[in-house]
Amino acid sequence: MSIDLLKFYQGCNPSKTLNFEKAQDRQYYIDFSSVRGGKIIEELRRTIVRLSPEDPTCQLFTGHIGCGKSTELLRLKAELESEGFHVVYFESSQDLEMADVDMSDILLAIARQVSENLAAIGIELQSGYFHKQFQEISEFLHGIELSETQELSGAIAQITDRAKGSPKLRTQLRQYLEPRTSRILQAINEEILLPATAQLKERGKQGLVAIVDNLDRVDNRPLSSGRSLPEYLFVDRGEQLRKLKCHLVYTIPLSLIFSHESEALKTRLGGGVAPKVLPMVPVKLRSGSPCEAGLNLLRQMILARAFPHTDPDSRMQYIDCIFDTSDSLDRLCNISGGHVRNLLGLIFRCLQREDPPFSRETIELLIEERRNDLILALSPHDWELLRQVHETKNISSEATYQTLLRSMFVFEYRHADAGRWFDINPILIEAKAFKQGNFGSRSLSFG
């Protein structure tokens, strides 16, 4: 069977998020829930649709960057919409400078996205409080001119766009907004979210859901208070984020799950419920034996990108159209460690090198290239920690371990039978430094 090279290349782009509103993207989707330890998206959906359709909920979602969170959240959006809910999904990184975020920034971003989304379907919201505040802001911050008749969504967009591009303006805006955070929160509820929900229900909708993606990308930098930025936003200010009067799903940094603040996070922002974690797709079980179910789903993911219109049970016979042997396909699946974006990235690099079927020689060259890129960032102490993780299949709450997780040197796995465990990125296990146990010099780490 021939491959449409252009579509295969586009389908394997690791920066592409599958959009469930597009039939082509739905054909690419593989459901990994059976090997990830639970049906996480089903739990998020069920909480809103079945357990608390009328009362606002706040649910937390996390995982490694690139493990498929955005794809799963867009699936959640599609499923909630099929149940009659109006869903506002947005990537917070479009509105926020992720290295420099405060509570007022997040609240304005949510207000902007909800009001813009509703304006697009003909629901115009009026906010006397915000129009008054924006006029004062335009006087306080010289250079921003806002019309008294300007739409709410447009006024918020003008302010947030300017603030994102100017550190000085962000600082000035926060000096004005932060003392007013409680009143801003009240105005968002009373003049945006509650009226919006009422108008949506008049149109036959079940309610309003806001899915705030990419907040897990907030920089982990320390603040002058000694707290990290994620701890300040999601723990210290978590109760405010939770008070918005609509169904909420927030993505949060994975590092918070392994910090001493995890219980405070669960209480203040999660309302007593721990965040849902999207782990890697297991290619091996905790014992080290192959996880055939996980491997098979990863094979299907790659084959679906090449043959989206082919029945899943028939795709395996076309492996030789993409790889020189089936072993080459399994080699890529295993070396990825079940990290979806990393696996797609390796296929993407193969396509940049040559047309299918990909040779084993090309695959090994690209694996070595990727390994050497990762090794550059590792210190001798990091190698020692990686060996401990590999031996114990566990990590501690030490900040260094959180760095290893954030840098994708260590992966988390969950399985219904094998439980929960950690292991190092498989591509590093083959490094000479790791195999020889010689961690005294960075220069010995290559290979």
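**Quick briefing: cavities, cores and a hairpin**

The structure holds three cavities of 30 Å³ or more; a cavity here is a set of points, on a 1 Å grid over the protein atoms alone, where a 1.4 Å probe fits but cannot get out. This is a predicted model, where local features need pLDDT of at least 70, side-chain atom pairs count only at pLDDT 80 or more, and totals for chains, interfaces and linings use all residues. Residues are numbered from 1 along each chain as its sequence is written, and side-chain values use heavy atoms, with hydrogens and water left out.

**The largest cavity**
- Its volume is about 350 Å³, meaning the space filled by probe spheres set on the points.
- The lining has 26 residues, with G66, C67, G68, K69 and T71 nearest the centre; lining residues have an atom within 4 Å of a point.
- Helix α4 (69-82) gives the most to that lining, with four residues; helices are DSSP runs of H or I, at least four residues, and strands are runs of E, at least two.

**The cores**
- The largest nonpolar core has 119 residues, and F130, F234, Y250, F323 and L428 have the most contacts inside it.
- Such a core is a set of buried (under 20% relative accessible area, 1.4 Å probe, protein chains only) Ala, Val, Leu, Ile, Met, Phe, Trp, Tyr and Cys residues joined through side-chain atoms within 4.5 Å.
- A second, separate core of 23 residues includes L44, F61, V87 and L278.

**The hairpin**
- Strands β6 (residues 410-415) and β7 (residues 419-424) run antiparallel, joined by six bridges; pairing takes at least two bridges found by DSSP.
- Three residues make the hairpin link from β6 to β7, and F411 sits opposite D423 in β7.

Technical notes. Buried < 20%, exposed > 50% of the residue type's maximum accessible area, 1.4 Å probe, protein only. 1 Å grid on protein atoms, 1.4 Å probe; cavity = no way out; pocket = protein on both sides within 12 Å on 5 of 7 lines; lining within 4 Å.
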